[in-house]
Amino acid sequence: MLIALGVTGGVGAYKAVEVARGLQKRGHDVIAVMTATATRFVGPLTFEAITRRRVITDQFEPGANADIEHIALASTIDLLLVAPATANILAKFANGIADDFLSTLFIATRAPVLVAPSMNTQMFSHEAVRRNLETLAARGVRFVEPGEGYLACGWIGKGRLAEPEEVVAAAEAVLRPEGPLRGRRVLVTAGPTFEDVDPVRYVGNRSSGRMGFAIAAEALRRGADVTLVAGPTTLEAPAVRELVRVRSAREMRDAVIGRADAMDVAILAAAVADYAPAERAAQKMPKGDDTITLVLKKTPDILGELGTRRLSSGRGPLLVGFAAETEDLVARASAKREKKHADLIVANDVSRVDAGFDVDTNAVTVIGPEGAQALPLQTKARVASAILDRVESLLSARPAKAGS
Ligand code: CTP
């Protein structure tokens, strides 16, 4: 496979030479892309001799722009690997700054991106860096964690570039993920639904879509073929294969049911409105009496419908639902699991301020065939990972869908 190896200006740049060698030993073709600062740490000739390819060092080098090289390369590579990645390149990636070949390549490619950060411990723990890492993780970028040990600056701590073998192994894992989700078709719903009252007003809820988006990003990382059905949210969606934007519960139901038979897993993390206005006024409703009555009608229960269909046909995706509770968490969520014929129910206590709606953390209890497991308060990315661990263990027992 063709790997673009981005090398940025860190002391760990010399290790990138070993990374290039390791990738080649495993049969990959490597093309090195060096930033201007990287060339001050290691000579481009070293990479040229090893990769046997011209090393890209400058966006505007004569001869490099005839076929708009960053676009041509962006569409042919199977992986963009950046090792070492400095705080500077992470900031550029996170903010879409494209002022040299590597940062432009990052924006232009749809290949998976794996980044091995390397910097001083203090820099690594700085809020600005942490935020950039979180932004990138939410977009599906994968990381090779920096190691701990002696740093060139004299500090001992986290920040040293991971060892070349580790970086190579991580690249292999991205190119050929091994887990049970690899190649499986996963549908995720996320966000709220908005139920229109008239052309300008709607009934909605506070869901941000963060939990569902985190699950979609993690499923992508594990090699799944992801379809994301998202209600109205302002969040940026991870780079899934199919993104379906919907507004109402009815639209979400149609999008999900129409695709369900092709799926191995359906994870319904959306906060679907349970009721919608019985009728949508064609024109904006004028102000009238002191009080008005809005007649609401039950929306289709998507999870319930999937569960019932599977029960009657004996086929259908593995089903994961969510339950938002304010009391009797486990008992209520277990009852929901039975009633909707779901495999797993992820229950959250929405009365907590640090979990549930519109925050970055969540504390959930996962209820499955073998009982309830409470997970500690952690980032939604980690909760997503724990949920998918459970999904993977249930999946390993099922055959994959034909053609997936
Ligand atoms: N759900 C759905 N279709 C709906 C409503 C909910 O598919 N019309 C899904 C949600 O995506 C979630 C689960 O069902 O996975 C939540 O079930 P629900 O019965 O709505 O529970 P709560 O939202 O927790 O509310 P309540 O306790 O009032 O039933």
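View 1. Helix α11 meets helix α12 through a set of side-by-side residues. In this predicted model, A249, M252, R253, V256, I257 and A260 of α11 are in contact (heavy atoms within 4.5 Å) with I302, E305, L306 and R309 of α12. The axes of α11 and α12 cross at roughly 25°. Here α11 spans residues 249-260 and α12 residues 302-313, and their axes (lines fitted to C-alpha atoms over the stretch in contact, with angles from 0 to 180 degrees between N-to-C directions) come within 10 Å. That makes the two helices roughly parallel, a label for angles under 35 degrees.

**View 2. S103 sits buried in helix α6.** Helix α6 covers residues 101-108; a helix is a DSSP run of H or I with at least four residues, and a strand a run of E with at least two. S103 has a relative accessible area of 0%, so it counts as buried (under 20%; exposed is over 50%, partly exposed in between, with a 1.4 Å probe and protein chains only). Leaving out residues up to four places away in sequence, S103 touches I89, K92, F93, I97 and A98. Its side chain also reaches the backbone nitrogen of D99 at 3.2 Å.

**View 3. D328 lies in the loop between β16 and α13.** With 53% relative accessibility, D328 is exposed. From D328 to T109 is 47 Å, C-alpha to C-alpha, and 219 residues in sequence.

**Notes.** Residues are numbered from 1 along each chain as its sequence is written, and side-chain values use heavy atoms, without hydrogens and water. As the model is predicted, local features need pLDDT of at least 70 and side-chain atom pairs count only at pLDDT 80 or more, while totals for chains, interfaces and linings use all residues.

Terms used:
A polar contact is a pair of N or O atoms within 3.5 Å; within protein, one must be able to donate a hydrogen and the other to accept it, and residues adjacent in sequence count only if both atoms are side-chain atoms. Angles under 35 degrees count as roughly parallel, over 145 as roughly antiparallel, 65 to 115 as roughly perpendicular and the rest as oblique.
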